[in-house]
Amino acid sequence: MSTSRPPRSTGQLPPSSAAQAIVDTSFVPVRAKLLEVAAFLDRVERYGVADDFRCAALRQAAGLLVDGEPERARRILEALSDPTTAPEATSSGKAALGAWQPPVR
Amino acid sequence: MRYIEPHGHMVSRTTDDYQAMVAAGCAAVCEPAFWAGFDRSSADGFRDYFRQLTVYEPARASKFLLPHFCWLCLNPKESEDLGLAAAVLELIPEFLGKKNVLGIGEIGLNRNTRNELEVLERHIELAVRHDQLILVHTPHLEDKKKGTRLIVDVLRAHSGVKPGRVIIDHVEEHTIQSVLDQGFWAGITLYPDSKSSPPRAVDMLEVCGRERIWLNSACDWGVSDPLAVPKTAFEMRRRGHSAEFVDQVLYQNPVRFLSQCPKFVLGDAAHA
């Protein structure tokens with residue numbers, strides 16, 4: 001699996017001397033976030049709520065992290081988005097839930 | 001360092017926040033009209049809120065030497081009630097002449113409903129009729145992609161809308177490019193749990209360029225950080241971006257957009 005394909009860029013990157021610092025300063029905090037995801041998925045299984053549509057969406061989106069393709073953040077956001085295009089007839093409530101749930105027919 | 005906070009709901013914040021923002025280099029704060037966390041029961045509630053935004057909050061900010069500007073509207077979270085929306089739209093013009101009002105905002109969509117779209121269209125018509133800048137809120141989480149598409153379509157359909165006078169806020173990686181491609185400005189909101197983090201915001205600047213983009217904290221009564229913008233400057237510098245890069249994104253860009261309203265004038269201290 002390729003891990004070297006760069007994302008598109010408009011040439012706004014700073015001098016390459018800063019590149020190693022990206023890893024040096026961010027690796028440990030990002031490692032912690034990945035562990036939070038893992039622990040969350042374990043937790044919802046332990047509590048018997050892993051079938052919640054949001055948990056299922058999270059597991060599916062997590063697969064995009066390791067598919068070797070760029071623009072992971074954009075693609076994960078799109079995977080969690082409502083894919084429909086027509087306005088809703090009525091509001092289902094003030095708050096969004098974080099993942100799209102197909103309407104029950 | 002100097003910066004503009006172009007989107008902060010300061011009526012929800014403490015004076016400690018004003019002090020911290022000024023100490024961090026904030027040269028002006030702009031406050032869009034917002035949902036109070038509960039639905040207001042009548043248009044009179046909005047009249048009081050607009051008085052707060054145009055009279056009382058700028059006076060409170062001035063105690064900390066911070067210029068305060070605002071935007072007026074009925075927030076999309078309250079757009080389902082078309083009767084209330086009509087009454088609020090009717091009273092907005094009497095406040096547009098106030099000296100700190102920059103335009104109409106934050107209008108937009110919340111759950112992408114037909115009623116929300118209708119109220120959005122009426123706000124856009126009001127803005128065009130009164131030659132006002134427009135600040136647009138895009139929906140949260142799973143609704144953002146669809147909502148942004150609907151909003152862009154409505155804005156593009158109105159012949160009186162000039163994209164360069166419209167900022168579409170709360171963009172993320174899946175919406176920013178489509179907003180910029182249509183000629184609009186894009187706002188990146190820095191939140192602890194949703195919208196964007198400082199590292200992701202800098203990623204977007206590196207990928208999409210730094211023209212027609214501003215950063216904001218959108219601090220309000222929820223989980224938010226009024227110092228998120230200057231903290232993002234630290235992330236830029238840590239990656240090796242220049243002081244000029246930081247100044248363009250945090251100060252020059254918002255000044256360029258907001259100065260299209262002649263009422264957006266900063267004192268000499270702000271340019272020091």
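User: Let's start with helix H3 of chain B: which of its residues are buried?
Analyst: In H3(B), residues 82–91, the buried ones are Leu84(B), Ala85(B) and Val88(B). They sit on the same side of H3(B), because they span an arc of only 100 degrees around the axis. That arc is taken from the directions running from the helix axis to the C-beta atoms. Buried means that 20 or more other C-beta atoms lie within 10 Å of the residue's own, exposed means 12 or fewer, and partly exposed is in between, with C-beta atoms placed from the backbone. Helices are DSSP runs of H or I with at least four residues, strands are runs of E with at least two, and both are numbered from the N terminus.

User: Before we go on, where does the model come from, and how is the numbering done?
Analyst: It's a predicted model, where local features need pLDDT of at least 70, side-chain atom pairs count only at pLDDT 80 or more, and totals for chains, interfaces and linings use all residues. Residues are numbered from 1 along each chain as its sequence is written, while chains are lettered from A and ligands numbered from 1 in the order in which they are written.

User: Back to H3(B): which exposed residues are on the face turned away from its buried side?
Analyst: That face carries Leu82(B), Gly83(B) and Glu90(B).

User: And what do the buried residues of H3(B) pack against?
Analyst: Helix H2 (43–62) and H4, both of chain B. Contact here means that the C-beta atoms of two residues, placed from the backbone, lie within 7 Å.

User: How do H2(B) and H3(B) pack?
Analyst: Their axes are 9 Å apart, at an angle of about 35 degrees. Axes are lines fitted to C-alpha atoms, for helices over the stretch in contact, and angles run from 0 to 180 degrees between N-to-C directions. From H2(B), Ala43(B), Phe46(B) and Arg47(B) make the contact, and from H3(B) it's Leu84(B), Ala87(B), Val88(B) and Leu91(B). By class that gives six nonpolar, no polar and one charged residues. Nonpolar covers Ala, Val, Leu, Ile, Met, Phe, Trp, Tyr, Cys and Pro, charged covers Asp, Glu, Lys and Arg, and the others, Gly among them, are polar.

User: What about H4(B) and H5(B), at what angle do they cross?
Analyst: Roughly 40 degrees, and the axes of H4(B) (residues 114–129) and H5(B) (residues 144–157) come within 11 Å. H4(B) and H5(B) are therefore oblique to each other. Under 35 degrees would be roughly parallel, over 145 roughly antiparallel, 65 to 115 roughly perpendicular, and the rest is oblique. Leu117(B), Leu120(B), Glu121(B) and Ile124(B) of H4(B) meet Leu150(B), Val154(B) and Leu155(B) of H5(B).

User: Is Ile151(B) buried or exposed?
Analyst: Ile151(B) counts as buried because it has 28 C-beta neighbours inside 10 Å. This residue lies in H5 of chain B. Leaving out residues up to four places away in sequence, Ile151(B) touches Gly108(B), Leu109(B), Val136(B), Thr138(B) and Ile168(B).

User: How many residues does each chain put into the contact between A and B?
Analyst: Chain A gives 35 residues and chain B gives 33. On the chain A side, helix H1 (19–46) and helix H3 (72–79) each supply at least two residues.
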